[in-house]
Amino acid sequence: MTNLVLFGPPGAGKGTQASILKEKYQLVHISTGDVFRYNIKNETELGKSAKSYMDKGQLVPDQVTIDMLKAEVEGNEGAKGFIFDGFPRTRAQAEALGEFLASKGEEVDAMIALEVEDEVLVQRLLERGKTSGRPDDADESVIRERIKVYYEETAILKEYYKKDDKYYGVDGVGSVKEITERLSAVIDKLI
Ligand SMILES: Nc1ncnc2c1ncn2[C@@H]1O[C@H](COP(=O)(O)OP(=O)(O)O)[C@@H](O)[C@H]1O
């Protein structure tokens, strides 16, 4: 299996690239944000518990997120591998993912990060908010909170994967195609 973590701050372009890469490499794309939004739309218990955090730009609690992620992986038996998008976002999530994959004789092969400056992120998210219908994109203070949470809780994962030589940084500014090419150059060396 090939298991990739697509990493980067909110608005870095993870979702856009993951949808392209999953086709190209025949991997299953799991976006924790998308799964939460699906649950909110369908008014499930999970959706109800996630919504209040998401609307404020905060992280959904680890245990809820980890259980959901495991269920998504379990639901895709026979997959050639996964692209994890938006997960892990905390050290506890990274540890849980490692243990979970190890229990299946698998591992995270690489974390590939899209690197984009903060001000570019804010502009992209505000632009996306005009059409995405996402409440967390419509409000600049929520966007800034998400970026702050990223630096406080998520950015440390760079070191976490770096120590195992699994971290790859890619410039996230350019055309969608250019960025796909940069990511593919990393992935092609792994598989
Ligand atoms: N791994 C996660 N842990 C906790 N909360 C998460 C996780 N993934 C997504 N969320 C919640 O969903 C929101 C939206 O996530 P996402 O769709 O990945 O958007 P973005 O990265 O553009 O902010 C996050 O702000 C957070 O509240």
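A polar contact is a pair of N or O atoms within 3.5 Å; within protein, one must be able to donate a hydrogen and the other to accept it, and residues adjacent in sequence count only if both atoms are side-chain atoms. With that in hand, welcome to this structure: a polar atom of the N3 side chain lies 3.0 Å from the backbone oxygen of E107. This is a predicted model, in which local features need pLDDT of at least 70 and side-chain atom pairs count only at pLDDT 80 or more, while totals for chains, interfaces and linings use all residues. Residues are numbered from 1 along each chain as its sequence is written, and side-chain values use heavy atoms, with hydrogens and water left out.

**Residues in strands**

- N3 sits in strand β1 (residues 2-7); helices (H or I, at least four residues) and strands (E, at least two) are DSSP runs, numbered from the N terminus.
- N3 counts as buried because its relative accessibility is 0%; buried means under 20% relative accessible area, exposed over 50%, and partly exposed in between (1.4 Å probe, protein chains only).
- Leaving aside neighbours within four places in sequence, N3 is in contact with residues including G81, F82 and L101, where contact means heavy atoms within 4.5 Å.
- S31 belongs to strand β2 (residues 28-31), and it is buried because its relative accessibility is 8%.
- A polar atom of the S31 side chain lies 3.0 Å from the backbone nitrogen of D34.
- E115 is part of strand β4 (residues 110-115), and it counts as partly exposed because its relative accessibility is 38%.
- The side chains of E115 and Y167 are joined by a polar contact of 3.4 Å.
- E115 and P9 are 106 residues apart in sequence, with their C-alpha atoms 7.9 Å apart in space.

**Around the ligand**

- A nitrogen atom of the ligand lies 2.7 Å from a polar side-chain atom of T32.
- A polar backbone atom of Q58 is 2.5 Å from an oxygen atom of the ligand.
- For V60, a polar backbone atom is 3.0 Å from a nitrogen atom of the ligand.

**Two helices in contact**

- Helix α2 (residues 32-41) and helix α3 (residues 45-56) have axes that come within 8 Å and cross at roughly 115°; axes are lines fitted to C-alpha atoms, for helices over the stretch in contact, and angles run from 0 to 180 degrees between N-to-C directions.
- The contact involves G33, F36, R37, N39 and I40 of α2, together with L46, G47, A50, K51 and M54 of α3.
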